[in-house]
Amino acid sequence: MARVFLAVMDSVGIGGAPDADRFFNGKTPDTGANTLAHIAQACARGKVEDGRSGPLHLPNLDALGLGAAVNLASGEDAPGLEAEPTGTWGAATEISPGKDTPSGHWELAGVPVPWDWHYFPDTTPAFPAELTRKVCAAAGTDGILGNCHASGTAIIKELGEAHIATGQPICYTSADSVFQIAAHETHFGLERLLQLCRDIAPVLHAMKVGRVIARPFLGETPDTFARTSNRRDFAIAPPAPTLCDRVQAAGRPVHAIGKIGDIFSMRGIDDVTKGTDDKLMQDLSAAIDTAEEGSLTFANFVEFDSLYGHRRDISGYARALEWFDREIGQVIAKLREGDMLILTADHGNDPSWSGTDHTRERVPVLVAGQGPGQLGLIPFTGVAHMAARHLDIDWDAS
């Protein structure tokens, strides 16, 4: 019986979304955004030399068809990615009315989002008074800090000391449909923060806010405040059975790596491992050795997005891509006969673009273990259907 390993390279878009003009960073439409091509072009011009040098070097991903996928999706070339594909390759187009993490992952798992997400206005205060009252009641405090759009690292530096002094949680949002709560792991308490997010999540979900995110941090001064790896996302449950649900309903194991468990509210998932991308790559490599026949292993590598895309750090993004390419080459070498490894993305986050938000883009679909072939332009849902076919699960009947 076959196995499927589905890995999302969070935000590694390849341009060409036909509706990019409907999505914005501030007042700038996403028309022309292309995460991968623009990074490769900057590298080729010698403009990306911080911790790396020269043209973007992704031999393993390019051999699967990454460069060809960029050209198919957008008509642009990615310098340094000109290999003749030896894997199965294509590009996927999203139809959900958002460029956020849940929309992308749910649609890759076969379920487009049927509603418009709620976004908070970029004003201060950003949150309605009734929501603020409910957060205070759940937290047991007489107020909140923040109440605005903000960078997570910046607002902790700005308000961390006031948070420690008052005990009030730091609440903020972004261009995504999110409500984020930052609190100190020891002064406020990690479990208290997680329980606060758990308690308030149903209120936000009823508003069609996609995620409530716990953002714990440590440190005692602005210079030492730093977020920890104990982030938790409390997401709305998908509105219909996903690939995970269908695989589990067929009696097969579903293993999650990274924030997949949070994105799918642990529905259709047997177990989950978390950590930094380096640790998650070790977990994916271990899964090649241990995953059961007929199983699905679903992974997300978030640091392209969280550490480099939102921060518009082209050098950091290029370094992360080259690290991922080296590591995934070792994973590919371990695949067994009959295994399918699918590498894709959930949206773009072009580090050369204006603003700090995701960018609306098509995404690569690269398949290892199945020989050469062309998928062409497919919908995001085509990824789920391809995985289901390989696992011999009848999508229509399941």
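**View 1. Ser-265 in the loop between α9 and β12.** Ser-265 lies in the loop between α9 (260-263) and β12 (271-273), where helices (H or I, at least four residues) and strands (E, at least two) are DSSP runs numbered from the N terminus. The phi of Ser-265 is near 50 degrees, a positive value in a residue other than glycine. Most residues other than glycine have a negative phi. Ser-265 is partly exposed, with a relative accessible area of 33%; buried means under 20% relative accessible area, exposed over 50%, and partly exposed in between, with a 1.4 Å probe and protein chains only. The model shown is predicted, so local features need pLDDT of at least 70 and side-chain atom pairs count only at pLDDT 80 or more, while totals for chains, interfaces and linings use all residues. Residues are numbered from 1 along each chain as its sequence is written, and side-chain values use heavy atoms, with hydrogens and water left out.

**View 2. Ser-11 in the loop between β1 and β2.** Ser-11 lies in the loop between β1 (4-9) and β2 (24-25), and has a positive phi of about 85 degrees although it is not a glycine. Ser-11 is buried, with a relative accessible area of 0%.

View 3. The peptide bond from Thr-124 to Pro-125 is cis, with omega near 5 degrees, and Pro-125 lies in the loop between α4 (101-108) and α5 (129-139). Most peptide bonds are trans.

**View 4. The residues listed by UniProt as "binding site".** An unreviewed UniProt entry lists Asp-305, His-310 and His-358 for "binding site"; such annotations may be inferred rather than shown by experiment, and feature names are shortened, with positions given in the numbering used here. These residues span 54 residues in sequence, yet no two of their C-alpha atoms are more than 8.3 Å apart, so they gather at one spot. Asp-305 is found in helix α11 (residues 303-309) and, at 4% relative accessibility, counts as buried. Not counting residues up to four places away in sequence, Asp-305 touches Asp-10, Ser-11, His-310, His-347, Asn-349 and His-358, contact meaning heavy atoms within 4.5 Å. His-310 has its place in the loop between α11 and α12 and, at 25% relative accessibility, counts as partly exposed. With neighbours within four places in sequence left aside, the contacts of His-310 are Asp-305, Asn-349, Thr-356, Asp-357 and His-358.
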